[in-house]
Amino acid sequence: MKIKLLLLATAIFLFGCKNKSVKTETQDIDYGSYFNERYDYKVDCPLFLIPQGESESEDGQAFVSEDGKSRMLVYRTFKALTGCNPTIEAAFDEDMQTSRNVIEKQQFSNYYFIKGELDENTLYKTYTILENDEYFVIYFEYPKDDEDLFESISQYVYESFKVGAGVGYIEHNEFVMFLEEFLNDCFWDVNFNSLLKNNDHRLAKYIDPQMDIRRYYNPGSVAYLYSRDDNFGFEDFNDFDTKANSGGKFSIKELSYEAMPCELDFNQQKGSIEIYFWSVGSFPYIVVDTETFEMQEVTLPYPDAEKIAVYLPDYYKDNVNVRAFYFVNTPSGWKIAFVDDSLCSA
């Protein structure tokens, strides 16, 4: 196999700077992230499986345990040599015909898995995923004695799989990993307005005490910047109940152009919600004189720090609007500085 990007057992490069530790029913497992540049997908992998280097076609890679008894393969696969890809139902039926000693199987709307016996001592489990009209495979092979462990691992790895991580993923790998953690803690399955208003403890580690967090909001035709002392400009009619739901599947993309936030599409398609980010040089200006509309730049304690805007869906009833979160790379790491709820207003 040709090694395009050197990957050591410690997974320093493609696995990023920050590893995740996940407790299974049997033990703690440390994970890193593998990013495939050619087909723009990302997946987590347990660090005890050693990366073997990308294949010559650069469609994926194998990860093998030190004793060689366990392995994981992830790759983009062609289901049709000519014409269109088969449906998920047809692909499942075809794979079932060639799978050995199947003991468990299940098909869903955009993926299926097949589990079986290779021999009396070894099991395999294959996830086949249809995303953006492309098929991807995550394959596991392991001793029967480790079945419970790999049931937890395989489920976690499948749920981590994302297509469309973006060409900037490697460059902004640390930020993307931070953003995933932030979204899982403070955005998905919660109401962010409620967290902010109630000074929820989940937000604490994402806020820099020297900078705090402020909110752009336009109660009229002009957007103002509100602080904690102003209750962030919240009013009784603001939404404190609706919870954002990704269904466990979302992708993070770096925009390759200056964004027009109101033109971004946050509708969930093929099981994945797209989140967008863009490096910015400054923050939105604020009006300091409503008569002359004089504008003023917003400053922070870290004027030279890297700044990134993240565009997120704002769900309310049947509507999907857009809001921006601004993050700053402080001496203590990435922190949230502003929430912009003034976008796309009439």
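1. E274 and K253 form a salt bridge at 2.9 Å, N to O (a side-chain nitrogen of Lys or Arg within 4 Å of a carboxyl oxygen of Asp or Glu). The two partners are 21 residues apart, with E274 in strand β15 and K253 in strand β14 (strands are DSSP E runs of at least two residues, and helices are H or I runs of at least four, numbered from the N terminus). E274 is partly exposed at 22% relative accessibility, and K253 likewise at 25% (buried is under 20% relative accessible area, exposed over 50%, partly exposed in between, with a 1.4 Å probe and protein chains only).

2. A word on the basis: this is a predicted model, with local features needing pLDDT of at least 70 and side-chain atom pairs pLDDT 80 or more, while totals for chains, interfaces and linings use all residues. Residues are numbered from 1 along each chain as its sequence is written, and side-chain values use heavy atoms, leaving out hydrogens and water.

3. β14 (residues 250-254) runs parallel to β15 (residues 273-280) over 5 bridges (pairing takes at least two DSSP bridges). S251 sits opposite E274. Since 4 of the 5 residues of β14 are buried, the strand is largely enclosed by the rest of the structure.

4. R76 and E134 also form a salt bridge, at 2.1 Å, N to O. R76 belongs to β6 and E134 to β10, so the contact ties together parts 58 residues apart in sequence. R76 is buried at 9%, whereas E134 is partly exposed at 24%.

5. The salt-bridge count is 16, and one network links K115, K125, E147 and E151.
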